[in-house]
Number of protein chains: 2
Amino acid sequence: MLEKKHFQRDATKVMEWIDDYFAQLESLPVKSKVKPKAIYEQIPAAPPESSEDLDQILQDLSEVIVPGITHWQHPNFHAYFPANSSLESVLAEFITAAIGAQCMIWDTSPAAAELEERVMEWLRDAMGLPANFEGVIQDTASSATLVAILTAREVKTDFRANEDGVPNNLRVYCSTETHSSIEKAVGISGIGKKNLVKIPVDEKMRLRADLLEARIREDLENGLVPCCVVAAIGTTGTVAVDPLPELAAICEQYGVWLHVDAAYAGTALLLPEYQWMIEGIDRADSFVFNPHKWMFTNFDCTAYFVKDVDVLIRAFEVLPEYLKTKSRGLVNDYRDWGIPLGRRFRALKLWFVIRSFGMEGLRKKLRHHIALNEKFAAAIGEHPEFELVIPPFLNYCAFRWVPQNETDEARLNACNEQLLDTINKSGKLFLSHTKIGGKYVLRMVIGQTYVEERHVLQALEILREATKMVPLGRPN
Amino acid sequence: MLEKKHFQRDATKVMEWIDDYFAQLESLPVKSKVKPKAIYEQIPAAPPESSEDLDQILQDLSEVIVPGITHWQHPNFHAYFPANSSLESVLAEFITAAIGAQCMIWDTSPAAAELEERVMEWLRDAMGLPANFEGVIQDTASSATLVAILTAREVKTDFRANEDGVPNNLRVYCSTETHSSIEKAVGISGIGKKNLVKIPVDEKMRLRADLLEARIREDLENGLVPCCVVAAIGTTGTVAVDPLPELAAICEQYGVWLHVDAAYAGTALLLPEYQWMIEGIDRADSFVFNPHKWMFTNFDCTAYFVKDVDVLIRAFEVLPEYLKTKSRGLVNDYRDWGIPLGRRFRALKLWFVIRSFGMEGLRKKLRHHIALNEKFAAAIGEHPEFELVIPPFLNYCAFRWVPQNETDEARLNACNEQLLDTINKSGKLFLSHTKIGGKYVLRMVIGQTYVEERHVLQALEILREATKMVPLGRPN
């Protein structure tokens with residue numbers, strides 16, 4: 001068992017382990033190659049009866065655990081959306097763990113509550129969100145979107161749903177392209193997925209405002225109650241940006257809560273040149289983005305903003321005797337701003353990241369990623385056997401392989417699936433996929449904190465090489 | 001902005017800061033004394049444009065933030081339930097942050113999923129939970145209880161509620177003493193708080209099984225649908241243990257989901273002498289406890305166990321194209337075992353704690369805390385002006401001050417409220433309160449990882465001294 005008097009010795013071992021891990025990172029396979037149960041079977045079925053040594057644990061960490069890690073901080077990780085980190089954020093998490101405060105209410109650590117209030121204001125102002133929005137850190141965008149839908153549910157039922165249950169006629173709208181978390185939230189909230197209306201998108205994969213309005217009118221005529229619209233700023237499949245001004249006008253007209261899901265793309269709002277994405281935001285009710293995706297602040301850290309904080313609190317407040325305090329009403333008790341009671345001191349890592357990068361440093365890195373993506377997309381576009389399926393946007397590129405002028409869509413899909421498999425098995429690069437209009441498409445996202453141009457050039461090279469290894473693309 | 005080549009230099013600064021913090025900890029006020037907005041006003045209203053130095057940030061951490069921290073790891077912190085930590089857990093969190101894996105599915109880090117599977121088996125077996133239970137780490141017991149209630153909701157509606165919405169006649173039962181998170185979860189789930197039936201307790205504050213059964217029968221007669229019973233093993237107010245064998249028999253007979261909330265007291269199941277608390281657990285459907293309360297694993301880390309994992313997954317699964325993998329069905333994709341999609345690598349800290357303590361070390365520390373509490377309670381019981389309101393149990397003691405044979409209950413309550421305020425303002429000790437049968441009661445929980453006998457003796461001394469400073473108790 002470790003002892004405080006040896007903390008520096010033990011922490012130094014861990015620090016050195018981490019430094020080694022960072023040094024090795026580029027040489028490790030990006031996506032773990034282990035087979036199911038390979039790690040599980042190396043871990044004893046029963047815990048040790050006696051204390052084991054830190055050195056032994058760190059050795060097992062290297063030998064047993066690391067081979068089963070998919071290295072999200074690897075500069076050749078371009079799958080999903082990133083969950084990027086930074087040295088600042090890692091060190092702040094170390095401190096957060098050491099302080100070990102449980103920040104459920106202001107009383108249980110005033111500094112955590114007030115730092116959270118400030119850094120949320122920093123982000124709000126820097127991202128061009130309206131000054132009357134208030135922010136709170138949630139664990140994930142899934143939870144924040146659930147919170148938004150639950151709040152909308154309460155507002156639309158005059159705050160009766162919590163007490164009386166959910167009427168069967170509340171309607172939630174989003175595009176066919178929006179994230180699975182919305183469907184999950186509508187199910188959890190008791191509104192029922194049958195009441196989630198997926199509105200078709202235009203050629204740019206944006207929610208069609210005209211169809212939304214038509215659907216709302218139709219629902220109203222049928223005695224249904226439009227409750228919430230979820231607009232996406234940067235969809236998962238194609239980073240499409242729904243037309244906020246039109247959606248906001250419709251929501252205002254019909255009295256519907258407008259939640260804006262900018263989980264990944266929201267970070268780009270730090271750049272003035274992307275502020276157009278949220279034109280109309282002053283008429284939205286809530287907004288979410290993840291600093292833990294592309295803002296160098298490690299998972300978990302979701303920033304949720306809401307225009308009318310009183311309705312948020314009214315939707316979630318419970319006040320048992322053992323949590324009554326004298327400061328109640330004077331301060332922010334964030335446990336009433338979301339689902340869990342307990343809360344980590346997550347504001348600290350945002351404070352570290354924002355201060356150590358400076359706003360200038362944040363913007364510079366984001367622009368660097370966007371520039372790298374433009375370079376990557378240009379190379380893909382020029383290559384005779386690759387095709388950009390949609391225009392590149394931000395640090396995201398969706399493309400596919402079209403070998404030897406293959407035109408059969410089913411065969412193209414199979415080729416690209418095999419190509420992805422080949423690449424990811426190589427361990428040199430990790431991409432993920434989606435389907436766009438029935439096409440199996442590779443997704444490349446350049447959002448690693450320490451990614452450099454050479455990694456992107458390497459990715460192009462790996463892609464080209466991998467096509468030679470897919471038999472389906474090279475018949476004969 | 002920090003650079004990898006200087007990681008060891010920068011991490012050493014942070015490590016030294018933490019070591020200093022640990023060294024100072026006992027001399028700091030346990031509960032922060034700052035006034036509302038005092039911290040907020042010291043933090044600039046706008047973020048810095050240029051990068052700031054780590055030294056400056058650490059200095060501000062000491063000067064601006066630490067005075068606003070309520071020190072949860074202070075050995076004189078005995079409020080609420082603990083959120084204790086350990087050096088092992090802190091170092092593991094450092095590594096978790098450095099690896100920065102987002103563990104939503106097996107593919108995104110097989111080692112995280114498989115280590116989670118193993119350590120949950122370790123805990124299950126060590127705690128005497130049935131071998132057919134499977135475990136998953138959640139953020140908080142609030143979320144886990146919500147997951148349990150949502151799963152019960154789906155089971156009871158033939159998995160239609162997610163899709164069709166929630167019928168208005170589902171009923172959830174718990175005692176009048178159970179945690180506020182149950183009420184919150186019933187509201188969120190759309191079942192409606194009016195359908196939460198709070199069953200009275202016996203003289204030991206345990207849910208009365210006879211009244212539960214009568215209520216279930218009555219509900220059935222009225223066309224209502226009993227859906228879920230939440231049994232508490234260790235309530236927040238008095239650490240009461242509901243009679244699981246009787247409750248399990250009733251739930252079995254009436255086909256009701258039985259969720260067991262052992263958030264705090266569950267850790268004591270590592271001790272054979274407390275296994276009686278969960279007699280009948282084999283007939284329960286789900287069980288939650290928080291290693292982040294009393295098992296030396298820092299917040300957040302909730303262990304949720306469920307008997308039929310297939311129904312859990314069926315209640316939460318969503319499968320968009322971009323998350324389809326080849327390993328699907330062969331492995332555990334934990335994002336389908338709860339609410340958020342994204343997940344931290346939290347199994348690592350449990351692995352560190354369990355291995356470095358050893359089961360022996362865990363048991364020894366728990367028994368030490370229980371013994372300290374017995375000593376404390378004995379001293380309180382013998383003191384002429386203090387009264388044990390209920391018998392001490394585990395590491396929990398509920399007592400009040402009865403100055404000069406005061407018998408007026410309203411005045412006694414006021415005295416104790418002032419006493420608590422005096423103590424907590426002293427900064428030397430932090431307790432919280434509850435009400436038991438209308439009596440304002442002080443709660444003392446001895447669960448700090450590094451608490452020693454001297455801290456408990458000190459607490460007694462501070463209590464005695466503080467009574468002299470409450471004018472209401474010394475009217476002359």
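Predicted model: local features only at pLDDT ≥ 70, side-chain atom pairs only at ≥ 80, totals over all residues.
User: Is B:Phe7 buried or exposed, and what is its relative accessible area?
Analyst: Residues are numbered from 1 along each chain as its sequence is written, chains are lettered from A and ligands numbered from 1 in the order in which they are written, and side-chain values use heavy atoms, with hydrogens and water left out. Buried means under 20% relative accessible area, exposed over 50% and partly exposed in between, using a 1.4 Å probe and protein chains only. B:Phe7 is therefore buried, with a relative accessible area of 1%.

User: Which parts of chain A does the pair of A:Trp276 and A:Phe393 tie together, and how many residues apart are they in sequence?
Analyst: Rings of Phe, Tyr and Trp (its six-membered ring) pair if their centres lie within 6.5 Å; planes under 30 degrees apart count as stacked, over 60 as edge-to-face and the rest as tilted. A:Trp276 and A:Phe393 are 6.1 Å apart centre to centre with 50 degrees between the planes, a tilted pair. Helices (H or I, at least four residues) and strands (E, at least two) are DSSP runs, numbered from the N terminus. A:Trp276 lies in the loop between β5 (257-261) and β6 (286-289) and A:Phe393 in the loop between β8 (386-388) and β9 (396-401), so the pair ties together parts of chain A that are 117 residues apart in sequence.

User: Which residue of chain B lies over the face of A:Tyr40?
Analyst: A charge sits over a ring if NZ of Lys or CZ of Arg is within 6 Å of the ring centre and within 35 degrees of the ring normal. From chain A, A:Lys37 lies over the face of A:Tyr40, at 4.1 Å from the ring centre. From chain B, at 3.8 Å from that ring centre, comes B:Arg118.

User: What is omega at the cis peptide bond between B:Phe299 and B:Asp300?
Analyst: Most peptide bonds are trans. B:Asp300 is found in the loop between α10 (291-294) and β7 (302-306) of chain B. The cis bond joining B:Phe299 and B:Asp300 has an omega of about 10 degrees.
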